[in-house]
Amino acid sequence: MLNDALKSLNERERRVFEARRLAEEPLTLEEYSVAIFDRWKIGKKGKDNGVILLVARDDRKVRIEVGGGLEGELPDITCGRIIRHEIVPHFREGDYDAGV
């Protein structure tokens, strides 16, 4: 029954649904982003070059999860700077579109 319902959703709707299901599990933001990354197979096969921006608005947390193939170009320190200097200031102003 659930599988039939999921098949009727487009890709974006499925991903939002899966994210909501994962949200019900007791995971840290890091564990959650890794689980989504693995479940959705983000990036090109064999290159591990995907990136996820995860925003837990109600928890006031943001994370950028980077595949191993992009860690040289987008290391944790750069992701942290993007979050602190580009995303969070817009979020503080209530402008989530600009932050994303």
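Where does Val 100 lie relative to helix H5 (96-99)? Val 100 lies in the segment after that helix, where helices are DSSP runs of H or I with at least four residues and strands are runs of E with at least two, both numbered from the N terminus.

The model is predicted, and local features need pLDDT of at least 70, side-chain atom pairs count only at pLDDT 80 or more, and totals for chains, interfaces and linings use all residues. Residues are numbered from 1 along each chain as its sequence is written, and side-chain values use heavy atoms, with hydrogens and water left out.

The protein holds five helices and two strands, and its elements follow the order α-α-α-β-β-α-α from the N terminus on. Of its 100 residues, 27% count as buried, a class defined as under 20% relative accessible area, with exposed meaning over 50% and partly exposed in between (1.4 Å probe, protein chains only). The accessible surface comes to about 7,600 Å², of which 48% belongs to carbon and sulfur atoms, as given by the Shrake-Rupley method with a 1.4 Å probe. Contact means heavy atoms within 4.5 Å; among contacts between residues at least 6 apart in sequence, 24% join residues at least 24 apart.

The following residues are taken up below.

| Residue | Relative accessibility | Class |
|---|---|---|
| Ser 33 | 1% | buried |
| Phe 91 | 13% | buried |
| Tyr 96 | 31% | partly exposed |
| Val 100 | 65% | exposed |

Ser 33 is found in helix H3 (residues 29-40) and, leaving aside residues up to four places away in sequence, touches Ile 52, Leu 54, Arg 63 and Glu 65.

Rings of Phe, Tyr and Trp (its six-membered ring) pair if their centres lie within 6.5 Å, planes under 30 degrees apart being stacked, over 60 edge-to-face and the rest tilted; by this rule the count comes to one aromatic pair. The ring centres of Phe 91 and Tyr 96 are 4.8 Å apart and their planes stand at 45 degrees, so the pair is tilted. Arg 57 lies over the face of Tyr 96, at 4.8 Å from the ring centre, the rule for such a placement being CZ of Arg, or NZ of Lys, within 6 Å of the ring centre and within 35 degrees of the ring normal.
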